[in-house]
Amino acid sequence: MDTGSHLLFGVTLAGLAMADPAVAAHPELQHAVLAATLLGSHAPDFDSVMRLRGPSAYIRHHRGLTHSLPAPLAWAPLLGFPIAWLFGAGEWSWTVVLWTLFAVCFHIVLDLFNAYGVQCLRPITRKWLHLDALPLFDPYLFAGHAAAALLWLSGYPHAVLAFMLVYALTAVYLAWRLAVNRVVLRRLAAHYGMDEADVTMLPTLLGASWQYVADLGDEYATGYFKGGRVDEAAQLPKAKPESLAEPAKATMAAAGVRAFHHFSERAHVKVQEVVDGYLVTWSDVRFWHQRGMPFSAAVTLDRNLNVLNEQIGWNKKSWQPPFV
């Protein structure tokens, strides 16, 4: 999810920790837990430092190793013990470590619910896993947790009960979103007469509709599912290795294209002749929206098919759909 939501959940986890009598009775422990849950809620995204090595490195590594299966077990003591010492809560170091662990795990679980995906089962597998149930920013989760945090900050005497309620509702909400996703997925698969694995979905911000991509074999069908109806909007040719044009083949060794294929599951390629060469654009059809595919790797070639320029990333504003 987005950074603001992760940090908010760090605050509400610290509020939930007040249900522990030891935390409630010791201000120094409260401060340590708050610092730990705030940092723990953001720790997996420390891999953003890979931006310094360029967009290709960032695409390859973001939501990878720092979100992996052993990552929480590393982040929790790495952050928890120093924070406990810093705030004079060394006596309760393991309590701080435990809440740090909760924060890191909650971050990874929420990212798993997003359509972008996460390599949370490394080193067992490097496969990108995604449940396609939540947008990058979920207004309902944010509003519920923000309300609980405001109650706490305003001095509401039963804030702990509010945090317990909001986390119980969060669990129910996540299960409901996943259940709705599975129902829609089965409907789409039945509509196209294919396996569910051949359909990927994208949740919209308010959850009233879903974008989808169906793999038809030689092409992709894209559209929307809304009000119980399938509204197909376009069909796009699949980028199959045996049918690639020579300019497209010439881009396969480019760093941006390698990073794109490391991440992308459903690729479309477009070759355009430009002055003195070609522009080859690889796009991830999963993130199709209103006839555009904002996640792409673009490579400029000369007439001899030498790479002149390349770029990879999102061609949209962060507040524009799709929200991944």
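Is Arg303 buried, exposed or partly exposed, and what is its relative accessible area? Arg303 is partly exposed, with a relative accessible area of 42%; here buried means under 20%, exposed over 50% and partly exposed in between, using a 1.4 Å probe and protein chains only.

A word on the ground rules first. This is a predicted model, in which local features need pLDDT of at least 70, side-chain atom pairs count only at pLDDT 80 or more, and totals for chains, interfaces and linings use all residues. Residues are numbered from 1 along each chain as its sequence is written, and side-chain values use heavy atoms, with hydrogens and water left out.

**Around Arg303**

Arg303 sits in the loop between β7 and β8; strands are DSSP runs of E with at least two residues, helices are runs of H or I with at least four, and both are numbered from the N terminus. Setting aside neighbours within four places in sequence, Arg303 is in contact with Glu273, Val274, Asp276, Gly277 and Tyr278, where contact means heavy atoms within 4.5 Å. With Glu273, the side chain of Arg303 makes a polar contact of 3.1 Å. Such a contact is a pair of N or O atoms within 3.5 Å; within protein, one must be able to donate a hydrogen and the other to accept it, and residues adjacent in sequence count only if both atoms are side-chain atoms. Pro247 is 56 residues away along the chain from Arg303, and their C-alpha atoms are 9.1 Å apart.

**The sheet**

The open sheet has 4 strands in the order β5-β6-β7-β8, with antiparallel pairing; two strands pair if DSSP finds at least two bridges between them. β5 (267-274) and β8 (307-314) are at the edges with a single partner strand each, so one side of each has no neighbour in the sheet. From one strand to the next, the twist averages 15°.

Two of the pairings look like this:

| Strand pair | Bridges | Direction |
|---|---|---|
| β5 and β6 (residues 277-284) | 8 bridges | antiparallel |
| β6 and β7 | 7 bridges | antiparallel |

On the β7 side, Trp282 faces Ala297. Because 7 of its 8 residues are buried, β6 is largely enclosed by the rest of the structure.

**A helix pair**

Where do two helices run alongside each other? The axes of helix α7 (residues 139-153) and helix α8 (residues 159-192) come within 9 Å and cross at roughly 170°. Axes are lines fitted to C-alpha atoms, for helices over the stretch in contact, with angles from 0 to 180 degrees between N-to-C directions. α7 and α8 are therefore roughly antiparallel, a label for angles over 145 degrees. Among the residues making the contact are Tyr140 and Trp152 of α7, and Phe163 and Tyr173 of α8.

**Thr37**

Thr37 belongs to helix α3 (residues 27-42) and counts as buried, at 0% relative accessibility. A polar atom of the Thr37 side chain lies 3.1 Å from the backbone oxygen of Leu34. Beyond residues up to four places away in sequence, Thr37 touches Gly10, Leu13, Ala14, Trp99 and Ala103.

Definitions and conventions. Angles under 35 degrees count as roughly parallel, over 145 as roughly antiparallel, 65 to 115 as roughly perpendicular and the rest as oblique.
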